[in-house]
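Work through the exercises below with the model open. Each task is followed by a solution in steps.

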Amino acid sequence: MKIILNTFFITLFSFSSYSQSMVVWLDYHTPVKGKGSELSDAIKDKTKKYNQGADAFQLYTWEVIAGSNQGNYARAGVGPTWADFDNSPVSSKELDYWMENVDPLIASSSGREYYVRRDAASHDVAKPGENTIGFNIDYVVGANRDHFWKFRRNIANALKESGEDLSLNVWASGGGGPQGHVRVSFNFRNLEHYGNFRQIMGRVSDTYDEIYGNNAWDTDIQLLRESLEMWGAQTELVRFLPELSSPPIALQE
């Protein structure tokens with residue numbers, strides 16, 4: 001890539017060197033009550049000590065600022081391929097440090113979920129570290145998945161053709177989440193930029209109709225909605241924490 005979250009969130013990873021789509025895992029960590037700042041400092045120290053070099057395991061951290069996980073920290077590890085997870089990329093010293101210095105400040109953690117980037121449904125030309133805010137939409141796709149993925153691919157193409165200043169990364173669950181789970185991440189420079197999201201997508205939808213025909217946007221988004229399981233779309237806002245992360249590297253479509 002020339003985020004994800006980031007991610008899946010705001011995502012700040014590079015695909016340019018890899019022949020397959022990138023694989024990442026994601027955990028959520030809830031701080032012990034009243035220990036949020038201490039947990040932040042502990043993650044910062046651990047990441048600075050073990051996850052900064054080019055050969056070190058790359059880890060990225062976000063704070064959830066809106067949604068059901070508000071106040072939690074989201075932590076993503078980069079493969080970047082499935083093969084890279086065959087052997088643990090985390091050394092015993094690094095794990096021991098985490099268990100001694102970070103884990104006592106965590107009240108609970110989510111189950112780990114692996115994601116694979118859907119490159120054809122993504123479009124991201126942001127500079128490294130440029131985006132700090134992620135708007136994540138979590139879908140659970142049921143029947144008629146072809147409708148869902150057609151719309152997602154078309155949006156990525158319409159976004160590219162529109163020239164709008166917006167990053168889009170789409171991630172399909174590779175294990176650990178509900179069947180059909182897909183995370184769509186729109187990434188922004190700041191909250192002011194995020195505040196223009198509706199207007200930006202209005203212009204992208206106009207481009208969509210120019211490419212795919214009159215009313216194509218309305219037709220295809222309705223088909224997407226019909227492809228979802230009940231309660232199959234939830235959202236959250238996250239803020240990227242560079243001091244608690246490995247150095248950001250560029251994204252590209």
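**Exercise 1: Surroundings of Leu-244**

Apart from neighbours within four places in sequence, Leu-244 is in contact with Ser-40, Ile-43, Lys-44, Thr-47, Thr-61 and Arg-75, where contact means heavy atoms within 4.5 Å. The model is predicted, with local features needing pLDDT of at least 70 and side-chain atom pairs counting only at pLDDT 80 or more, while totals for chains, interfaces and linings use all residues. Residues are numbered from 1 along each chain as its sequence is written, and side-chain values use heavy atoms, with hydrogens and water left out.

Task: state where Leu-244 lies and whether Leu-244 is buried or exposed.

Solution. 
- Step 1. Leu-244 lies in the segment after β9 (228-240); helices (H or I, at least four residues) and strands (E, at least two) are DSSP runs, numbered from the N terminus.
- Step 2. Leu-244 has 5% relative accessibility and therefore counts as buried. Buried means under 20% relative accessible area, exposed over 50%, and partly exposed in between (1.4 Å probe, protein chains only).
- Step 3. For Asp-124, 120 residues apart from Leu-244 along the chain, the C-alpha separation is 23 Å.

**Exercise 2: Strand β5**

Task: describe the two faces of β5 and find its pairing partners.

Solution. 
- Step 1. In a regular strand the side chains alternate between the two faces of the sheet.
- Step 2. Strand β1 (residues 23-31) pairs with β5 in the antiparallel sense over four bridges; two strands pair if DSSP finds at least two bridges between them. Glu-113 is the bridge partner of Leu-26.
- Step 3. Strand β7 (residues 167-175) also pairs with β5 in the antiparallel sense, over four bridges, and there Ser-173 stands opposite Tyr-115.

**Exercise 3: Helix α6 and its contacts**

Task: give the angles that α6 makes with α7 and with α4, and classify them.

Solution. 
- Step 1. Helix α6 (residues 197-212) packs with helix α7 (residues 216-226) at an angle of about 100°, the axes being 8 Å apart. Axes are lines fitted to C-alpha atoms, for helices over the stretch in contact, and angles run from 0 to 180 degrees between N-to-C directions.
- Step 2. That makes α6 roughly perpendicular to α7 (65 to 115 degrees; under 35 is roughly parallel, over 145 roughly antiparallel, the rest oblique).
- Step 3. Met-201, Ser-205, Tyr-208, Asp-209 and Tyr-212 in α6 meet Ala-216, Trp-217 and Asp-220 in α7. The residues of this contact divide into five nonpolar, one polar and two charged (nonpolar: Ala, Val, Leu, Ile, Met, Phe, Trp, Tyr, Cys and Pro; charged: Asp, Glu, Lys and Arg; polar: the others, Gly among them).
- Step 4. The axes of α4 and α6 cross at roughly 105° and come within 8 Å. These two helices are therefore roughly perpendicular to each other.

**Exercise 4: The buried side of α7**

Task: list the buried residues of α7 and what they pack against.

Solution. 
- Step 1. The buried residues of α7 are Ala-216, Trp-217, Asp-220, Ile-221 and Leu-224. Seen down the axis of α7, they fall within an arc of 115°, so they line one face of the helix; the arc is that of the directions from the helix axis to the C-beta atoms.
- Step 2. They pack against β6 (133-141), α4 (145-162), α6 and β9.
- Step 3. Phe-148, in helix α4, has C-alpha 8.4 Å from that of Ile-221.
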